[in-house]
Every structure is written in C-alpha cells, then in structure tokens.
Amino acid sequence: MNTPIQFTVNGNRQSVDVPPMKRLLDVLREDLHLTGTKEGCGEGECGACAVLLNGELVNSCLVPALQAHGSRLCTIEGVSTEGQLHPIQQCFLERGGAQCGICTPGMILATHHLLDKYPNPTLEQIQEGLAGNLCRCTGYMRIFESVQQAANTISP
Amino acid sequence: MRSDVSLYDLSAPPSLDAALAILAKEPGKYTPIAGGTELMVALGVGRLVQHSLISIQHLRELRFIRVDDKAIHIGAGTTFTDIRRSQAIAEDLPLLIQSASWTGSIANQNRGTLGGNICNASPAADTPPALLAYGATVRLISASGTRTMPYSDFHLGYKKTVLRPDELLHSISVPRDFSDYRQYIRKVGTRNAQSISKIALAAIAKLEGDTIADIRLGAASLTDRPVRCSATEAALQRQRIDGANLDATVRAARAALATEAKPIDDIRSTAKYRAAVAANLLEEFLRSL
C-alpha cells in the first residue's frame, strides 16, 4: 500500500506516493528521476548512494521512504549552484579524483559532510570521513588530494 | 533477489506509548525498525522475513544521553554519532567511544543506534564488549511496565534475547566510576574501516599494588552471543602481575579463557584462530598493566 510522503529535495518541495518501505535511493532515482545518486552494493558498505538527510550523511539504500518524510535532502544534483560547480566538484575534476564516476556523487557528499565538521581536516580525518565510500578506479590518493585542495579552497 | 517493497508495511507511531500499544495489541506481528542499517540490508537482498514494521527512528523519547552522579543513561535510539559527540561519554567511557567509532562508516554511524546494535544480537556486534566490561544494565519497556537487568543477562543465544515481542529496549545505563581502572579494547577484523569482528575484547582492571583487585572482560565473536568472560575474571581475581608472577598469571588467564571460549568457523575466520587471538588480546592487556 502506498503512503504519501513529502520532503524537500535540493530546496524543492516534493510529494511522492510510494510504498513506505521503498528505499529512498529508489524514490530519488525512479520517482524523482534524480539519477545522480548511484547504487553500488545496496548494503550500506560502498557509499555510492550517499545523500545528506537533514545535513547528515546517510546511505539512501538503507533509508525507508517513510523515514525521510518531512526531511530536507541534498543529492549530488543540489551541490552545484546556478550552473557553477561547487569547489569540491571543481577540485575532484582538477586533481583527478573521479574516473568512472560511479562513486563520485557519494564521495562529493561525504566530502561535503566532512568539511562541514572539519573545515581543515587532517589526512586521518579525511580517511575516516571517506572510509565508507569505495572507489575501484583511482586508488584513493587523488581523492584525498582533491579533498585537501577543496578544504584549502573553501577555508584557506 | 530484490524484495517487492509493495508487500511490506511500515508505519511511524507518533509517540513511544503509541508504539508500545501497537506492539501490545498484536504481540509478534510488528518488528521495530530504527536506523535501518541491519533490516534494510536484509530487505535489499530479499531476505527480510518480517513484513509488518513500525518505525521507532523518530521517537525522541528513545534518543537521549543523561548523566547523573552514578551512571550515564543512553536511550536505545541514540546513534553512534550521538555517542561520539558526547563529552561525558568520552571522559568516562572511552571504550564505548572507541567501539562506536569502529561501527560501520560515518554514514552508518549517523543512522545506526546503540539499541539496534544490542537487539540485533549479533555475536560480532561492536559495542557489547565495552558495555559488558563496564557492567551496564538495560531497561526494557512495554505497555505493561518496565524491567531492568544486567546487560550480561540480556543475550540468551545466537540472535536470541530476553526481549518479549511486546517489549522495546528503552535504555542502557553504564556506571561511570572507572577513573582508577586501566582500560583496554581491541578489535581484530579484516581491515581498519567497517569490518565485522573476527574477535574483539574489552577489558578493565583495577590494581592494588601488583595485585588485580577487580577485572572485567567482555568479548565479541568468542561464543554464540556477546559474552562476559566470568570464569576468566574469577581466575584473575587477586592474581599478581609483578615480574616474578606475571608469566604464571598470563598462563592461568589463557587456560581459563580456553574453558569459556566457544567460537565458530565461518567465512570471516576459524574457531582456532579466534580462540588463539582472544587469548593473545587478553595477554596483551595483562602485560600492559
């Protein structure tokens, strides 16, 4: 049975009528056509589906739609503004922090969450902040460098 | 195979009382779901057998950290992130902070709850060894009242607990008078981040000179449930750890632990490895005193 669910996604009010146990990931991709959020493992291990829920990093594959009712969501589509890449995105681009791109939306949002907590993170804090985001292309060093450059750009 | 989510029902009762009334009305029909870091994984792979769920994730009554003179009281709906942000827990219960920090990733710590970690009742769960070593008590609540008990009595077997179908775990209370104890915790997994324990040991001990005056041990993946190692604790009471006696004390500790270690072979490790490493961790702690 479907349940009406309302939330704010990237600043826009949205209403959907979906099964309450539908994964937030699938609501975003199938009902709202926000396909920037990716599915990797579907088990909360890889972070490809990470979004910000009321400012907290979560894996959207593990959030039942009903638990997002009334919340404020930010997906990768909401990170850039007015056609301008966010400094985090720009730094991933410049430092080669993205290759195939599947992990990148989650990496960007995990970085966003990390830099909210620690504007000038240590390497250890970066490693912990991104430990839930798996990348099979870059080997992580370029991702760590991208995060460091983003921190330097945003909070010099 | 993916579950058909249209076959699952989930509601969000407006209060703790409302949730308990639903559980009391049809005991066993509804399964509580908090952060979803366990049940949603089962849903994703088509293995969630419970089809009627009630969300307790939003209940403020279950999400608190209260400190009094004797103990820190932690609501079952408190997330690992909440725990890591608590100055009081950081000061008084460092082993709990450490175990919360190695539970899953940041995204999972933002959602997963202490109550879920306990009630899911995995023998490999991260926070139980610390809670067992600290001698925590649990408070269970239902529409007909509350009951409290030592946490060491909560687990009955593999994924089995004393929790009745109409009950929820309300809170965990942890004594906070450990300033004169030496404290130790170590988890052995496949990698540093978000691994599931092959074996884990939490230990605290108070010394009088070279003599162990009190020692408490909690372990994960050592038996079919999170367990307090009472026989080993008993064997170590009043034992001496000075240079002349330390080797004998370590030998006695390893022998005692072997009597209560009942690990299993599974995809993550072997029983032999787990028993050997558990004894090594205990020895590491004793030699650090």
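I started with what covers the buried residues of α10(B): the cover includes α9 (230–236) and α11 (271–288) of chain B. I count two residues as in contact if their C-beta atoms, placed from the backbone, lie within 7 Å. Helices here are DSSP runs (H or I, at least four residues), strands likewise (E, at least two), numbered from the N terminus.

This is a predicted model, where local features need pLDDT of at least 70, side-chain atom pairs count only at pLDDT 80 or more, and totals for chains, interfaces and linings use all residues. Residues are numbered from 1 along each chain as its sequence is written, while chains are lettered from A and ligands numbered from 1 in the order in which they are written.

Next I listed the buried residues of α10(B): T249(B), V250(B), A253(B), R254(B), A256(B) and L257(B). Buried means 20 or more other C-beta atoms within 10 Å of the residue's own, exposed means 12 or fewer, and partly exposed is in between, with C-beta atoms placed from the backbone. Looking down the axis of α10(B), I find the buried residues within an arc of 165°, so they line one face of the helix. The arc is taken from the directions from the helix axis to the C-beta atoms. On the face turned away from the buried side I noted exposed D247(B), A248(B), R251(B) and T259(B).

Then I turned to chain A, which is divided into domain 1 (3–78) and domain 2 (87–154); such bounds come from an automatic or database domain assignment. Their centres, taken over C-alpha atoms, are 21 Å apart. The contact takes 13 residues from domain 1 of chain A and twelve from domain 2 of chain A.
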